[in-house]
Amino acid sequence: MTRQLWALLRRDLALLLLGGRRAGSRGGTVLPLLFFLAVAMLFPFAVGPDARLLARTGGGVIWVAALLAAILPLDRLIEPDLELGMFDQWALRGLAEEWIVAVRIIAHWLSFGPPLMLAALPAAALFGLDGNTITTVELGLLAGTPGLAALGVIVAALTAGLRGGAALAGLLVIPLAVPLLVFGAGSLAPGGETGIALTAAASLVLLALAPFAAGAAVRSARA
Amino acid sequence: MQPAASPACHLSARDLACRRGDRVLFAGLSLELAGGEALQVAGPNGIGKSSLIRILGGLLDPSAGTVSRSGQAGLVDERPALDQHLPLAQALVFWERFDGRAAAATRQLGLHNLGDVPVRYLSTGQKKRAALARLIAQAAPVWLLDEPLNGLDSDAAALVEQLVAQHCASGGLAVIASHQAITLPGTRRLDLCEFAA
């Protein structure tokens, strides 16, 4: 089974991480990243050049932009493999859906979590955040993005095969991501350091649930 | 060429019924297949051939009845299960890694010149042949083929018949759902119309 999981991880990473290089594949990391930076860049245009306001709100904006960027790849996570019949082939080979989606969560996180943390640095510079705030934002993203990845895979599995699934997926993720956003962005407030621990806790709950919830959703979508 | 199938494969179904939505497609269907046997499931469109194949593979729950199977099942249906944007050779490599076995039949299937063509540009028949290459490399003793001749020219169709014959000769079993006639010596035939509800 280890061999099968490695093969899966290699394929998932190639599809999700490097996918953008090949026409017609599943997009890759670059688009959500550019989207994230574009949202971060729009904000100063909208609220004006008040440095104090930007520094105070910038961390929260980075969190909202990260959430929006995490929504972009949702329709590519599960649905194409259902359409291709990949899940049928995996089921025939006796590999449980729980394993498949667990691998996919890892690949999905690797394809957007670390790149997002990198992109948060220029975004933070744009808002003039100080060093401490940047550290808190980065730690919060490190704690929160695995939860976003797990949530994304759950919702992608639930909406796979539905008409308008892509729009529905975005709509479903936003309310479910509120705890992550509240704790993550809340950690930026003075004395809010415990927010990072709570973000991590919310992420762990989502990570623990996701393989089973998404696995069950895939099984029912397949039949 | 043909990987040896496990000697003790077996597929049996008892009193199967299949319901899609509120329509019962067939009921009271029983079958029994041992290694070396092939069964052609015939019947017009919409009679439930594909559903039967999926039930036999464990991908769909029957609304009544039981299926018992020993030996891994391999499936070829209308979806190739190969990444559309990848060149064929690389798309097959994924399954080679997954199954731990090289896809050796590409030359026999006439695919050896298509290795660098993206799967999406392959014709229907070429995709079907690629799916057969994946199936052979899986080395599953139980073959479930859903309309394997669709989109194939007469040469390729003859090749499929030959592959199934080889597979059965080496101890495997095959269930072939097709509305087209398949000429295989010793193939049993199951007409789904007899079980239509």
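This is a predicted model: local features need pLDDT of at least 70, side-chain atom pairs count only at pLDDT 80 or more; totals for chains, interfaces and linings use all residues.
View 1. Residues are numbered from 1 along each chain as its sequence is written, with chains lettered from A and ligands numbered from 1 in the order in which they are written. The strand order in chain B is β5-β6-β7-β3-β8, with parallel pairing. Helices (H or I, at least four residues) and strands (E, at least two) are DSSP runs, numbered from the N terminus; two strands pair if DSSP finds at least two bridges between them. β5 (73-76) and β8 (188-191) of chain B are the edge strands, each pairing on one side only. From one strand to the next, the twist averages 15°.

**View 2. Strands β3 and β8 of chain B.** β3 (residues 38-42) of chain B runs parallel to β8(B) and is joined to β8(B) by four bridges. Opposite B:Q40 stands B:R189 in β8(B).

**View 3. Helices on the sheet of chain B.** Helix α3 (residues 124-138) of chain B packs on the sheet and touches β5 and β6 (142-146) of chain B. Contact requires C-beta atoms, placed from the backbone, within 7 Å. The direction of α3 makes about 175° with that of β5(B); axes are lines fitted to C-alpha atoms, for helices over the stretch in contact, and angles run from 0 to 180 degrees between N-to-C directions. Helix α4 (residues 154-169) of chain B lies across β3, β6 and β7 (173-177) of chain B, at about 150° to β7(B).

**View 4. The contact between chains A and B.** Here 18 residues of chain A are in contact with 18 residues of chain B. On the chain A side, α1 (2-16) and α5 (86-92) are the elements that give two or more residues.

Terms used:
Two residues are in contact if their C-beta atoms, placed from the backbone, lie within 7 Å.
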